[in-house]
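Take a walk through this model, one element at a time. Keep the sequence at hand.

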Amino acid sequence: MEINPLSIILVKSDSKGDRLLFRYPHVAKHTRDFNQCTKRKNPYSLTITEDLLQSLPFPISNISNGNLTGVTDEVLSTLFAVKPELCEQKFELKVNDVRFVGHPTLVPSHGMKEVNSSMLFNIVFALQAQASHSIVKCYYDLSKRLGIALRHEEKRCGFLTEEIKIMVSTHDEVATRSEGESDCDESPYELILQRSSLSRDLKSVFSSLTTSGIINIMINKWIQVRFCLPQKVHQSHKKGFVINPEIIDRCLNSLRPYHGILLLIEPLDLLDSLPIDSSPALKRLIQMYSPLKSLQTLAADSDLTLTQVFQLTGHLIYWAKATIIYPLCESNVYVVSPDAIITNQLLELFSEEFPGLCLLQVLSDFSLPTSISQKLNPLSQSQQQTQLVKTIIWLLKNHLLLQLHTYVQYMPTVHGQVSLDTKDELNHNLNEITESSNVWNLNDVSKTTSADINEEISITLRKENGIYNYQSEDYDIPSDDRKLLDKLCRLDYFNGGYHLEEIMYLENIRRSQLLQILDKFRDILITCECEDPAIALFYSQFNS
């Protein structure tokens with residue numbers, strides 16, 4: 001998988017020259033496979049040593065079993081020990097099918113006798129060449145964070161200098177031992193892991209990146225480095241689903257106060273996993289959390305501003321601790337997610353969580369869009385209703401259900417069109433609208449436009465002629481309902497881009513009012529059920 005690193009490498013360069021200090025994982029000998037080197041395109045061709053045009057092809061791959069191979073330590077140290085002019089900026093190099101990413105860092109050498117002496121070190125990650133730009137950017141950010149932490153410890157107590165001395169002495173010791181024993185294949189990196197705490201930290205970083213995607217290490221038992229690889233960590237909740245930081249940013253830009261959050265782990269477990277110096281605001285938010293609350297309600301209950309709640313929500317989403325939902329209520333409509341994957345592990349987890357229930361049977365109830373109110377039985381006990389809510393929460397956590405919202409499109413028909421005979425009649429109607437006090441004023445609504453007032457009045461006249469003259473075949477429609485429809489149409493709420501919950505929030509309208517409008521004007525209002533763009537980004541069918 002292109003998310004996992006191939007190797008992590010530490011290189012230093014100072015007045016004594018450049019040297020590769022540590023790499024993980026490592027092999028005993030970094031030599032090319034003989035069969036790979038002698039492989040020819042045509043197995044029946046003869047190899048002519050004197051013919052330079054038919055020379056042996058260079059191996060095109062430096063990856064073997066997910067590890068970096070075919071590149072010696074000397075070559076890597078020469079490539080990564082860059083000039084001082086290239087320090088403190090992104091380092092990226094592609095060799096065959098491997099991409100190297102790092103952040104060269106320059107620090108004053110601790111304890112050196114030379115005046116104005118400096119030392120360069122570079123923590124480089126080897127990735128597959130086809131790794132996306134988003135993944136490369138994350139690894140660069142991690143290399144930069146590690147460099148900043150090591151520079152801090154070097155200035156504080158010379159930690160990096162001491163670790164480099166341990167690694168260099170170990171390399172020299174093994175090299176001296178190898179000279180005396182020609183058949184000695186001992187690797188210095190095993191001894192370095194035993195003697196150097198920095199090497200063990202780098203190994204821990206590599207292991208965390210390939211398993212969980214979350215790094216939490218304490219360098220020199222003093223400074224903490226925490227990092228999250230979102231492309232990896234989100235796969236713990238949905239295997240094979242890659243979420244890039246750009247997708248999270250798009251979700252946060254679409255976030256509204258009427259949205260809610262759904263914690264993917266238990267609140268108590270999340271509180272216990274927080275570091276000691278975590279934000280008190282985050283703790284209050286988790287303590288007040290409920291899937292029934294909107295972000296606006298959470299802000300009020302937690303005594304936080306809405307901006308703070310949005311920032312904390314983004315932090316929880318990035319670290320795969322929460323996802324975005326619409327607060328649970330009886331009117332919510334759910335359907336089986338189009339990319340739902342049922343595994344034996346999910347079936348077992350569901351049976352353990354809800355004894356006596358079958359996951360497949362529960363999902364079959366949502367084969368067609370179904371609201372919570374349709375699943376509730378007025379005669380059922382409160383325990384059964386609570387279990388239904390817990391079941392839906394569990395399905396949402398595992399991305400097995402997708403919520404649908406109702407969108408409205410205004411489609412005028414012959415009932416809503418009136419022809420004007422002459423231009424004088426149009427001007428007469430225009431004067432009546434401008435002088436009448438009963439016509440809805442655009443300045444009285446929450447959303448206004450910056451267009452010319454004459455254009456607004458003409459648009460108002462055109463739509464009013466269509467809506468105010470609309471006649472139902474079944475019953476008379478009150479003028480208040482026509483005014484409300486006119487207002488919502490003029491604000492473009494019925495253009496198919498707003499769902500009912502968003503209209504309710506923006507215009508402070510009850511759901512019952514909107515449903516009445518949809519029923520009374522059903523001849524000209526077309527409804528459809530679709531997913532919310534902010535929530536649909538967390539489903540593989542819609543995140544492209």
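Predicted model: local features only at pLDDT ≥ 70, side-chain atom pairs only at ≥ 80, totals over all residues.

Residues are numbered from 1 along each chain as its sequence is written, and side-chain values use heavy atoms, with hydrogens and water left out.

Start at L79. This residue lies in helix α2, residues 73–80. Helices here are DSSP runs of H or I with at least four residues, strands are E runs of at least two, and both are numbered from the N terminus. L79 has a relative accessible area of 33%, so it is partly exposed. The scale calls a residue buried under 20%, exposed over 50% and partly exposed in between, using a 1.4 Å probe and protein chains only. Beyond its neighbours within four places in sequence, L79 touches F91 and L93; contact means heavy atoms within 4.5 Å. F100 is 21 residues from L79 in sequence, and their C-alpha atoms are 9.8 Å apart.

Move on to the hairpin. Strands β9 (214–219) and β10 (223–228) pair antiparallel over six bridges. Pairing requires at least two DSSP bridges between the strands. I219 faces I223 of β10. Three residues separate the strands, and N220 has a positive phi near 60°.

Next comes S236, in the loop between α7 (230–233) and α8. Its relative accessibility is 57%, so S236 counts as exposed. S212 sits 24 residues away along the chain, with 7.4 Å between the C-alpha atoms of S236 and S212.

How do α8 and α12 pack? The axes of α8 (245–253) and α12 (306–318) come within 11 Å and cross at roughly 150°. Axes are lines fitted to C-alpha atoms, for helices over the stretch in contact, with angles from 0 to 180 degrees between N-to-C directions. The two helices are therefore roughly antiparallel, a label for angles over 145 degrees. P245, I248 and L252 of α8 meet G314, I317 and Y318 of α12. That contact has five nonpolar residues, one polar and no charged; Gly counts as polar, while Pro, Ile, Leu and Tyr count as nonpolar.

Finish at α20, residues 500–507. Six of its eight residues are buried, so α20 is largely enclosed by the rest of the structure. These are L500, E501, E502, I503, M504 and E507. They pack against β15 (401–410), α19 (479–490), β16 (495–499) and α21 (511–520). N508 follows α20 with a positive phi, near 55°.

Technical notes
Parallel < 35°, antiparallel > 145°, perpendicular 65-115°, else oblique.
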